[in-house]
Amino acid sequence: MPKVTIDGRTFDAPAGRTIIDIAAQNGIEIPHFCWHPKLTPAGNCRMCLVEVEKMPKLAIACMTTVADGMVVQTASEKVLNARHAVMEFLLINHPLDCPICDEAGECKLQDYAYKYSIGESRFEEDKVHKPKRVELGPNVLLDVERCIMCSRCVRFSDEIAHQPVLTFTQRGTHVVLTTFPDTQLDNRYSMNVIELCPVGALTSRDFRFKARVWEMSSTDSVCTGCARGCNTNVWVRNNEILRLTPRHNEEVNSYWMCDDGRLKTFKHVNAAERLSAPLVRKEGQLMETGWDEAIAKAVSELRLFRKNEIAALGSGFSSNEDNYLLQKFFRETVGTRLVDLVEHVVEGDQDDLLIRADKTPNTTGAREVGVRPGPAGEDLASILQGVRDGSIKALYVLEDDIAADPAVREVLGNLELLIVHAHQRNATTEFADIVFAASTFAERNGTFVNFQRHVQRFRPAVATQEQDRALDGFNMSRWDKFAAHNDRWGRGSRRDARPSWRILAALAVVYGVKYRYQTAEDVFREITERVPTFKGMSYLAVGSRGRTLAAAGTTAPAPVA
Ligand code: SF4
Ligand code: SF4
């Protein structure tokens, strides 16, 4: 194996690899703007200049392939002077508007200005002015003055999104990033250019000016928009989610996520119409009530029916912990065999990058933990038929707006009892007798299993009264701690929505069965003991990257390119 020495340390260097690649792999930072591990190198920012022994001039680390015996210096005097010069050059025409720039706090140019620049400019003439607030597409805005022409966005659009609409026009200091005539940056992955952009040139039309980066907390989570389960960060200020960004996981989503996942999967968490207490139907109206009253009523109503008159539907939108307890409670305590779920597959809405036709984050997991047809084929179709013909009189539904499907909606009116877990009123709650206010993925701990059979954790990012009871770890930004301290959003303003598994455990207790789970992790521990494919897993082992379920004969699909 060829060897390369970087800053006095010697590494194996497989043929064809570049200096920046080997350095990054071994924890040596070579500053760069245009290089990205998933894009073809462009070599245009010149920030990664390094000194290579026996080469007459400095070389760019992103385009210089390693050779056996190569000796590289990344921080010699010559290299540092070159970096200062590159930074001074890049900042000549930059507007230096960090105080009003969305990128401030997570900007490579700002960081490098502190780290690699001498902090002075010899340029005293007028800066070149360029277009501001250019609408590149429905989701992305461009400030051309901030652009440093790294071409990352151009290469992403060409190579990953396969929508080559971005280009540069003009020359020298007058270069402008733009779209080709009559085109827009409008593809299902367009917003990935926002994080790819090393400066604040590309901003999200949805998130712009909502918060400074340091005012928000960031919590590791998983997108709920489809069965890919892209790894995300949930950004929260004042107990409100302001944005989702992709989190790198080579096994699942690489560095990317789709625009729908980014924009459509969190706004319901913030919605003013969210339920904050259980609802019970009285005189035809759903009225707020206390948790103890709703749970007691649910149990006494369920007890009015014979076990084969009761069916339960799990949910691909709920966690493994929720689905596991649902099937356990209804099979073992209530005694019905009628447990299944509604699948949400949009045929054809799938691509080769991330998007999956299954629009739930956890149908695979729900099936794995036991929400599946009974031994005599008791499945969703037979449950709906039973509701239609009146043999099934009571239905329990976990976090799924099943009435959104007209075929399901038409039979719900036949039920004598409908109990649902919901985040807000929806088409299904219109038919419900009891509605439990369920917390969302952003308010609790839990796990999903994606289509690759990868078990992934999500954590609470938004506080409910549940977190006040200090049962689950909770991540708060310094801003939110300050706000909470000053009662900007205190205990009283938090919703009393609860995880579905906890609601089911409370029902079981009233039924006379002792469920001793204190946390979601306790439920997960039992899953690992009772479901063979989960054996050996724990929240710690699943960690932030996830772990693939054991399954004989199952081969996980290849990671994203
Ligand atoms: S807009 Fe950003 S990503 Fe695109 S070329 Fe300019 S600096 Fe690079
Ligand atoms: S591909 Fe699926 S999981 Fe990934 S961001 Fe889009 S909707 Fe979410």
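User: How many helices and strands does the protein have, and what makes a run count as one?
Analyst: There are 17 helices and 23 strands in the protein. A helix here is a DSSP run of H or I with at least four residues, a strand is a run of E with at least two, and both are numbered from the N terminus. Keep in mind that this is a predicted model: local features need pLDDT of at least 70, side-chain atom pairs count only at pLDDT 80 or more, and totals for chains, interfaces and linings use all residues. As for labels, residues are numbered from 1 along each chain as its sequence is written, while chains are lettered from A and ligands numbered from 1 in the order in which they are written.

User: What is the mean pLDDT of the protein, and where is the pLDDT below 50?
Analyst: The mean is 93, and 93% of the residues reach 70 or more, on a scale where pLDDT gives the predictor's confidence in each residue from 0 to 100. Residues 552-561 are below 50, and that stretch has eleven contacts in the model beyond near neighbours in sequence. Where pLDDT is low, the predicted coordinates should not be read in detail.

User: What share of the protein counts as buried?
Analyst: Of its 561 residues, 44% do. To be buried, a residue needs 20 or more other C-beta atoms within 10 Å of its own; 12 or fewer makes it exposed, anything in between is partly exposed, and the C-beta atoms are placed from the backbone. The C-alpha trace itself spans about 85 × 50 × 50 Å along its principal axes.

User: What is the phi of arginine 133 and of glutamate 283?
Analyst: For arginine 133 phi is near 50°, a positive value in a residue other than glycine. Glutamate 283 has a positive phi of about 50° although it is not a glycine. Most residues other than glycine have a negative phi.

User: And how do you know whether arginine 133 and glutamate 283 are buried or exposed?
Analyst: Count the neighbours! Arginine 133 has 10 C-beta neighbours inside 10 Å, so it counts as exposed. Glutamate 283 has 5 other C-beta atoms within 10 Å, so it is exposed too. Arginine 133 is found in the loop between α3 (108-116) and β6 (134-135), and glutamate 283 lies in the loop between β14 (279-282) and β15 (285-288).

User: Why do β2 and β4 stand at the edges of their sheet?
Analyst: The sheet is open, with five strands in the order β2-β1-β5-β3-β4 and mixed pairing. β2 (9-12) and β4 (59-60) each have a single partner strand, so one side of each is left without a neighbour in the sheet.

User: What makes β1 and β2 a pair?
Analyst: Two strands pair if DSSP finds at least two bridges between them. β1 (residues 3-6) and β2 have four bridges, in the antiparallel sense, so they pass that test. In β2, arginine 9 is the bridge partner of isoleucine 6.

User: Which strands form a hairpin with two residues between them?
Analyst: That's β12 and β13, and asparagine 238 in the turn has a positive phi of about 50°. The two strands pair in the antiparallel sense over six bridges.

User: Which domains does the protein have, and where do the bounds come from?
Analyst: Domain 1 is 3-91, domain 2 is 123-270 and domain 3 is 279-523, with bounds taken from an automatic or database domain assignment. The C-alpha centres of domain 2 and domain 3 lie 34 Å apart. Their contact takes 31 residues from domain 2 and 35 residues from domain 3.

User: What makes a residue part of the shell around ligand 1?
Analyst: Its C-beta atom, placed from the backbone, has to lie within 6 Å of the ligand. For ligand 1, 14 residues surround it, the closest being Cys147, Cys150, Cys153, Cys197 and Ala201. By class, that shell has twelve nonpolar, one polar and one charged residues. Nonpolar means Ala, Val, Leu, Ile, Met, Phe, Trp, Tyr, Cys or Pro; charged means Asp, Glu, Lys or Arg; the others, Gly among them, are polar.

Notes
Contact = placed C-beta atoms within 7 Å.
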